[in-house]
Amino acid sequence: MKKTILIACLGLVSLGLQAQSISLAGEWNVELGKSGSAFAKSKRAFQGEVKRAILPGTIDTNHLGFAPKDTMETTHLWRLYAYKGAARYSRTINIPKDWKKKPVELFLERTRPTWVYVDGELVDSCNFISTPQRYLLPKKVKPGKHLLEIVVDNGRSVPEQVYGSSHAYTEDTQTNWNGIIGRIELQLASSVESKSAETLTGAIPSRSVASPSALQMPDFAKDFHIKGAHFYANGHRIFLRGKHDAAVWPLTGHVEMSVEGWMKYLGTCKEYGINHVRFHSWCPPEAAFVAADSLGIYLQPELPFWGSFDKKDERLMAFLHQEGENILREYGHHPSFRMMALGNELWGDIDKMKEFVDDFRKIAPDKYYTFGSNYYLGYQGIKEGMDYFTTCRIGGEGWGKYNTHTRGSFSFADAYDGGMINHFHPNSTMNFDEACDKAGIPIISHETGQFQTYPDYREMKKYTGVLYPYNFEVFRRRLAAAGMLSQADDFHKASGLWSVKLYKADIEMDLRTRNMAGFQLLDIQDYPGQGSAFVGILDAFMESKGITTPEEWRQWCSPVVPLLEMKKFCFEDGEKIQAKVKVANYGGSSLKGKKLKWHLAAENGLFCMDDGTFSTKDGEVRKNVSDLMAEDEGVLNIFSYDEGLVDVGELNGVFHVQKPTKLLLTLNIEGTEARNSYELWIYPKKALEKKGVIIAKDLNEEVVKVLEKGGKVLWMPTASSHFVAADDTLSQANNATPYTVGGLFQTDYWNYRMFKTICENNKKKVSPGTLGILTNPEHPIFKGFPTEMHTNWQWFPVIKESHPLVLDNFAKDYRPIVQVIDNIERNHKLGLVMEWKVGAGKLLVCMSDLEKAAKYPEGKAFYQSVIDYMRSASFNPSAEITVDELKKKLVEKPRQVSLKELNNISQY
């Protein structure tokens, strides 16, 4: 093989101007065959069936692959035309006469490992997957017609670990397609390449990176640098509001290659306040960098790897090092390319990671580098050679501790009780100062959020391309079998609206952290792989799910965000409220002299404040009148020149209400788009009044007699000393009765099936796996407890003290007053609050220990509201059941669900 005719199997960027090029887009012949040396190396060894294919494109987009045999597996979307192996693409090319004696280059913008033949003779092979492949054709290829054959193999020539881990290959998202996408051209090689090809006997060597000069830099990237714990650009501190990207393109099954497509994608990101994208274990094409340059978005590409960084694996190390060099040389001139990581959640040889970073820094010293994003899941902490650290924690912590955390939510395998948001009483004071203050370098919160929503089955009709949502079909059938298909849209809406509030809380924890440099959400876009992770506020197509708007989302995801710090959101009448008003200011200018306007409005009822004051740094005070009102407002002056987290003022006051009232406190900076809002709940202060209702912990003979005589009974099974909690019906305790799941406040993390597997393998408690509540806010049970159809912060004590009841064996059309939404794997009908007529009596079952919940104002208010409802004429259950039927159903095994193991690549 003559390596003197190989060009740019080093991912080189052409610095010289191309005199001329000929597009090879159009119809090609294609032959599918088994992968093997005979097929790859022979001149014309394979004479299979010749088909037609349009390039750029893939076997999938040309509908030449094979239909899936198993459509019941739900780990990802399914390829309708899948193919893995070698494919020979061929066509006639015509070299122009005026190209005589000029070096001709074949340019393949993005493909899999290739072998190129001209007139039946092998030119060379190349296995670059992150950057273009370029071949210099042999000198004997004269002007005129020639047969060009390109063998593309998506089944070999890259390290085996890459196929299942990198988002350049994984079936979870982009798919392991076979084809050639982007530009396919014959080009006249530059003069630099021509001379190199004539004088060198091997591969053309690396050239210096064409980094943009300071004058060429747009403002967003000008003088991009690190100082201490923060990033700076154009003379100002910046905060990275990032998202994770996993190459999710559901129509084509391969990455978008056009600038127009990337402008649309990144434009949507920007519309939602995103200014940074991290590419999880892959690198986007040229078009993405061009679009990001235009829109002012910082990109972090990664090496195509997720796994063990094993220095003994010489093939893997050589491949990854070459890919890194290629990425830096090919795209390093783009202003948006400021940062780079070695892959996702790596483990292995840390010294080798540093060696890679040191080498890459020599090639492109204008970039900033980190080891693998969240390497060692953060447990190894900060090491020499890391310019910044993208992580979920900084070093290890004791189980049940949160002092090293840099995000608010985790799986139950990774942090006690799923992290701070699920564990602690709701507040807007929590932050990550304890971890970040000690770091000394910029910290970016890794894969923040991961709050599931129930899928929207109406999305299925969007899948008109090469991928089909058989996973959706399976989930939909499961829901139908459970008798709840009619509730699918409500499940989606209720879980989605709650997830948005959870994302707001997690993001604001980052913004309240003085030495936090940014976050990378997982994700604003749904992830269709790893068991199906519907964690986005947008669907897999980057389109709205109907659960938030760009305007709402930008309240807490913008360069400037007003913040309210409160230790809690629920109060009793007469209780003193103390809150701090701050602004996360990363807008590139001082807010000195601006006015921050506050507006307080009651969504139901009236309120007043006694001696309420808003205090600013100069001691300015505004007194509120004591008259009842529906709304009030005032102004705070901003006196600070600072950027970053700015202290503005305080809110101190005593609220009074005549009935349970929800308030909305809005903050906005006059003359800007910066605004944010917070919900507060105020409840009258009074002792619990329980007369007229029998409150029972056990359904014993005395309670049954009360029901038989026409009495009203509130039964709270979880308060009984005989109750044995079962957090998961799939691992039910033998002596647990009735069948229950645990009380989960936030929506389940990422994907229930995968983290159930991880928890069990690591002997950790499995997450309850639920997605919040669904209820009717107009139901009379909520007269003293204002609520929406979904979970909100005032539900915390009730839910945390609960074990929702599995109602699979009850009538299929029965609906609890407060239903808990189960995950897509189990699809249990779960009840938090239920009611039945039992003989002459009336029974209300609450699966929360309200005596414990009543320690909080909101828990006591719910308890009182339930009792008041039961004492009213409105308490008139339509469903009937006998005591014997009820007892029988409580001990019957619920519908059984069999889940296969689903493991993660990362080591837990």
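These legends walk through several close-up views of a predicted model. Local features here need pLDDT of at least 70 and side-chain atom pairs count only at pLDDT 80 or more, while totals for chains, interfaces and linings use all residues. Residues are numbered from 1 along each chain as its sequence is written, and side-chain values use heavy atoms, leaving out hydrogens and water.

**View 1. Helix 10 and what covers it.** Helix 10 spans residues 470–481; helices (H or I, at least four residues) and strands (E, at least two) are DSSP runs, numbered from the N terminus. Its twelve residues reach 17 Å from first C-alpha to last, close to the 16 Å expected, where the expected span is 1.5 Å times one less than the number of residues. Which residues of helix 10 are buried? They are Tyr-470, Asn-471, Phe-472, Val-474, Phe-475 and Leu-479; buried means under 20% relative accessible area, exposed over 50% and partly exposed in between, with a 1.4 Å probe and protein chains only. Their cover includes strand 5 (78–79), strand 25 (467–468) and helix 11 (488–511). Just after helix 10, look for Gly-483, which takes a positive phi of about 80°.

**View 2. Aromatic pairs, starting with Phe-289 and Phe-337.** Rings of Phe, Tyr and Trp (its six-membered ring) pair if their centres lie within 6.5 Å; planes under 30 degrees apart count as stacked, over 60 as edge-to-face and the rest as tilted. The count by this rule is 50 aromatic pairs. In the tilted pair of Phe-289 and Phe-337, the centres are 5.6 Å apart, with 40° between the planes. This pair links distant parts of the chain, 48 residues apart: Phe-289 belongs to helix 5 (residues 286–295), and Phe-337 to the loop between helix 6 (314–331) and strand 20 (339–341). Phe-289 is buried, at a relative accessible area of 0%, and Phe-337 is buried at 0% too.

View 3. The partners are 50 residues apart, with Tyr-503 in helix 11 and Trp-553 in helix 12 (residues 550–553). Tyr-503 counts as buried at 1% relative accessibility, and Trp-553 does at 0%.

**View 4. A cluster of rings.** Ring pairs join Tyr-454, Tyr-457, Tyr-463, Phe-472, Phe-475, Phe-491, Phe-534 and Phe-541.

**View 5. Charges over rings.** A charge sits over a ring if NZ of Lys or CZ of Arg is within 6 Å of the ring centre and within 35 degrees of the ring normal. The charged end of Lys-84 is 5.0 Å from the centre of the Tyr-163 ring. Over the ring of Phe-810 sits the charged end of Lys-889, 5.9 Å from the centre.

**View 6. The largest nonpolar core.** A nonpolar core is a set of buried Ala, Val, Leu, Ile, Met, Phe, Trp, Tyr and Cys residues joined through side-chain atoms within 4.5 Å. The largest has 226 residues, and those with the most contacts inside it are Trp-262, Trp-553, Trp-795, Trp-836 and Leu-844. Helix 11 gives the largest share, eleven residues. Apart from this core lies another of 32 residues, including Leu-24 and Ile-93.

Terms used:
Contact means heavy atoms within 4.5 Å.
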